[in-house]
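Trainee: I would like to learn how to read salt bridges in a model. Could you walk me through them?

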Amino acid sequence: MDRAPGHGIRLTRRGDEDLYLTTAARAEQAVEIVDSTTRIFVALLRSDPQAVTLLTRVFPEAFPWVRFLPAEAVREFLVELVDTAKASTALGVIDPIGTVIAAWKHTAEAYSDPELFAALTTDSGEDHGCVTVPEGAEE
């Protein structure tokens, strides 16, 4: 890692998720960068009422798949992303930000497929019975 500043080491594991090793300072720096960027967006959103409109318009540059979302959903994604980034960096973690992005990307996938969208949003009128509590879930 000393010979390749700014990089870590990827450990490929058979049958399990790969690991990425980096220094604590680099991991903290990643959180700091996300935190700083988030603070800029929060300040922008607070200072100018048109900022949401502008950011919603330019979001497809960063997330091309938002083109499949309705305009109001893009706004919701923007607000949720910024709120989650703010909360996450306050804890010193960034994983929840990736979860928000993945969830909205899956939503865009559903919107992009008219047949899937209809299946997910149409009430068939059928009762599929009781849902059991998943193992390990709190009741």
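Mentor: Gladly! A salt bridge here is a side-chain nitrogen of Lys or Arg within 4 Å of a carboxyl oxygen of Asp or Glu. The general idea is that side chains of opposite charge can pair when their charged atoms come close. Keep in mind that this is a predicted model.

Trainee: How many salt bridges does a search of the whole structure find?

Mentor: The search gives three. Let's start with D18, which pairs with R10; their closest N and O atoms are 3.0 Å apart.

Trainee: Is R10 buried or exposed?

Mentor: R10 is exposed, at a relative accessible area of 59%.

Trainee: Which side chain does R13 meet in a salt bridge?

Mentor: That of D16, with 3.2 Å from N to O. R13 itself is partly exposed, with a relative accessible area of 35%.

Trainee: And what is the distance between the closest N and O atoms of D35 and R39?

Mentor: For that salt bridge it is 3.0 Å. Look at the helix, too: D35 and R39 both sit in helix α1, which spans residues 24–47, and they are four residues apart, so about one helical turn separates them.

Trainee: Is D35 buried or exposed?

Mentor: D35 is buried, with a relative accessible area of 19%, and the cut-off for that class is under 20%. R39, on the other hand, counts as exposed at 57% relative accessibility.

Note on methods: Residues are numbered from 1 along each chain as its sequence is written. This is a predicted model: local features need pLDDT of at least 70, side-chain atom pairs count only at pLDDT 80 or more; totals for chains, interfaces and linings use all residues. Side-chain values use heavy atoms; hydrogens and water are left out. Buried means under 20% relative accessible area, exposed over 50%, partly exposed in between (1.4 Å probe, protein chains only). Helices (H or I, at least four residues) and strands (E, at least two) are DSSP runs, numbered from the N terminus.
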